[in-house]
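Work through the exercises below with the model open. Try each task before you read its solution.

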Amino acid sequence: MNPVIPDFANRLAEVAGRIAAGEIVPWDELLPLLCQPDTRSRTQANLALAEALLHRQQAGDLDQATELAARAWEISGFSDEAFPVYVTVCVLRKDVDGVASAYKRLGLRRWDEGRCNEAFDLFYISQYAHVEVLRRDHTEYDHELLRHFRQQAAARPLPDLVATPGERVRLGYLLYGITQLKSIIVRLGIGLMAKHDSKRFEVTCYVPERMTQILAVPHAREALEKIRGLGISVVTAPEIESDSEALWHLAARIKADGTDVLLDLAALADYRRYFLTCLRPAPLIAGYLWGPPSQFVPPHLDFCVGSNRHAQMDCPVDVEFVPGEYELPDLSAIQPMARSALGIPESAFVLAASGRHVKFSAPEFWRGIAEILHGLPHAHFLAIGVASDQVDLTALPTTVVQRIHCTGWRADNLAIVAVADVVIDTYPTGGGYALAEAMAMGIPAMVFRNDYSRRFDPVAWSPIEETIPIPDILFARGDFTAMAAQARRLAEEPDYKRELGERCRATVLAISDPSRSVRSLEEVLLKRVELQTSVIGLARESLSHSASDIAQLTDTVPRQPALVNGSGRPFFSILVPTYNQAQYLPAALDSLLAQTFTDWEAVVVNDGSTDDTAAVLDAYARRDPRIRAVHKENGGTASALNEALRQSKGQWIGWLSSDDLFEPDKLAAHVEAIRQHPEIRFFHTNFYVLDDPPGRKYPGQLDVAKHIPAETHQVIQLFGFNYLNGITIMVDRVLFEEAGGFDPRYRGGQDFDMWLRLSARSRSHFIDRRLSTTRQHPGQDTQKSVMIGIIDCGVACLDFLNQHSFAELFPALDLGQVESAVAAIQAVLGIVLDARSYIRTCGFLAPLIERMVEWLAHYPNREFVDALCQMIQESAAEPAVEPDVSVLLQGFAGRVAAATSYRPYDPIDLLGRRAEQLRERGEPAMADTFKQYVEQYKLRMHEAAPSIAPVEAAPASLG
């Protein structure tokens, strides 16, 4: 019998301290501690003794500590308390399976506790345990976790949405690694997306990261803009705190978009994207086999495409072979780095290898490098991609170590590679693109042959042999002696080195046309889609769903906002920018305090006021904690709104100008609308006008309700006039974050520019109730210069045209339908012929017409295009059409036939021309207004770079 030890904790600490100090404690003292009746005490005893042994580190201590830690791990039920010590002993023993299993068990517990974000992180470490423990680039399928996520996905089915099939295949790319520096998969993925035949494929890029994550990383923002610059829509995961919820919503969006094939570029790189694909958001889920099947091709995929024969041998799903081609950068623009900057003599013979740090971890690799350098006393070696503290060179001679230079992972790696006389394959994991890029620069290589007799393992893989089989560069795996002899020959025979480099260059360049790979990929996808469904190629008029049905399905992910808010965040965040309006601010804030719905916050940004605004604001903030005061230097309304957005925490975002008012039931009415229309992410309402003085409140001369366009025309109608009043809006926070911040280049049209961007992403819903009041008073900027505001709006329209295709002017219309295409043309002609439209007033008709020309030039039905051109030319000949407009529309058919890709227009140039036209017409005052605007715009362009500040989601803890 083992009685409970009195003062157990102190007794255990005393014994553990003696062990840690080096004493050998007999078992008759240890057994009572280890044999306590309750598992809690026994767990503590095993852990304390294991930690003491690890601290002592005498012979046999690690074995004994392992037994104690394993026992604690088991009897505690795999507890958090036992986890750190158990993992420590597993790492020390190089027990990869033990580490992987421990992280997986803890991850499964976190998942059951509803802490899915932590669970995903733990699963990731489990998946890459070989890298964590052995620094070996190796992964294996964990079928228990694969089954877990299939079950989780089955328990969360996506909405039963059916989208109308299209004339083009809707191809979705699920991108991987956008926030990673120099991600080769991002680069290759963009290369694929850029080369698809737009007549056969409608490409959308889906990114499982949130927009706030992307905007926080400069190279991720660059990649995002590069994709958008291709005319490809990018959809990111929504700003939902739970990863599993965010991924579910993204999957629902993919399904709602009617995606025919989802091509995941790294389907098992982590379990987050695996979970998304298990939700089955598309009829066909495919992978791209870039490398290890265990990272790129989970067994549940319908098929995959790939160009590596060795990986194909062990792939668990059907593989469609697509010949590989290299997507090379502009090599002519690469300037070699100065050798002195790398600590290398100018006369040295330079060898280099490039890759991620795990590719430099094998001791035999460094012994081989030492052998090569020993035979070439004047040679230096560049390890590009690994830092000196990530490798162990202690076993190498000092004379060799002095000639090894580790650069770390850098964005300018090609400038360093260009310094090399010869590039060496990494080992045992071989290089691919890094070697090909070097050879394309005329640098000869030394590459290990691949061993096809073994099962595929990236740790023992050399991919380059399949695409560049030049005998002089290929060596048996691990034969560094033969490599050393070749290195000496290359150093001693410059002509041979030059000739081999040219052979390498010619071979790589001959297979550097990725468009050929994309054509092969497209044939595979078309074949698979045709097998999956019989509707490819059917005319749209035979289908049962209208364009409006599809718009409702596709313009937003179905979501039910949590009206009972348990997140600690307010339901509404009201943005209140203010500048020198101390006399009006109290009434605005009082109108908030009078709201019948009380779950709101107001983020009031004092934009450098010089009157009593700061004091008024601080007094209200002390009065009610829902009012938060923010003081900043003057930067304009856009900068104030962006600051308010950054500091806001609510689920829905509204705007109240500090000289305007909310009606008491404004927020309550929005709550009701959100309940009734859970699919809508963008609401706006009617409003009153308040003349100050004399204080008269009335509905206003313009009945807004009569000018609200159909959802199919919500974007294009804004090119005519602004039917949205800023103080009436209420927008889902996620939609705001997708659109980005307010653009500080605009001082009168920053709100209009935002409505364009929001409307392009989601249809808006008009609530025909007057729920806000806009005050008209002499101090308003809009009253000072209405024309400046109109020009601002026109420039926003031009910016939109420069960045969006014609089809994106009609996001709720399927322009493949004849009726929809005609409706689009008619809508554009209505804007063109309206002398009051923003875009015509500013002289921006040519860009709009050029976007239309570009679209028609690629329209597949030529007879229909001819009929449309005839209709446009007939419109140009109407007597009422003014000559300048008629000139733009005449000869339309010829312009379509000779069309080239749209080139962005410079607003400064067009506005300057418009000023000259007005002066020639005898309107000098208007011409001066345009000239004044141009000068102010140039100044704002200089002050506002980068033009759009990112919107960051506030962390939940701020609630």
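**Exercise 1. Classify Arg913 as buried or exposed, then find its salt-bridge partner.**

Solution. Start with the cut-offs: buried is under 20% relative accessible area, exposed is over 50%, and partly exposed lies in between (1.4 Å probe, protein chains only). Arg913 has 52% relative accessibility, so it counts as exposed. Next, apply the salt-bridge test: a side-chain nitrogen of Lys or Arg within 4 Å of a carboxyl oxygen of Asp or Glu. Asp909 passes, with 3.1 Å from N to O. Asp909, at 35%, is partly exposed. Helices here are DSSP runs of H or I with at least four residues, strands are runs of E with at least two, and both are numbered from the N terminus.

A note on the source: this is a predicted model, in which local features need pLDDT of at least 70, side-chain atom pairs count only at pLDDT 80 or more, and totals for chains, interfaces and linings use all residues. Residues are numbered from 1 along each chain as its sequence is written, and side-chain values use heavy atoms, leaving out hydrogens and water.

**Exercise 2. Which elements does the salt bridge between Arg110 and Asp80 link?**

Solution. Check the distance: the N and O atoms are 2.6 Å apart. Then locate the ends. Arg110 is in helix α6 (residues 96–112), while Asp80 is in the loop between α4 (61–75) and α5 (83–92). The two are 30 residues apart, so the pair links distant parts of the chain. Now compare cover. Arg110 is buried at 7%; Asp80 is partly exposed at 36%. Last, widen the view: shared partners join Asp80, Arg109, Arg110, Glu113, Arg115 and Glu118 into one network of salt bridges.

**Exercise 3. Which strands hold Glu202 and Arg170?**

Solution. The closest N and O atoms of this salt bridge are 3.9 Å apart. Glu202 lies in strand β2 (residues 201–210), and Arg170 lies in strand β1 (residues 169–174). They are 32 residues apart in the chain. Glu202 is partly exposed at 32%. Arg170 is buried at 11%.

**Exercise 4. How many salt bridges, helices and strands are there?**

Solution. A search of the whole structure gives 64 salt bridges. The chain has 40 helices and 22 strands. For burial, take the total: 55% of the 959 residues are buried.
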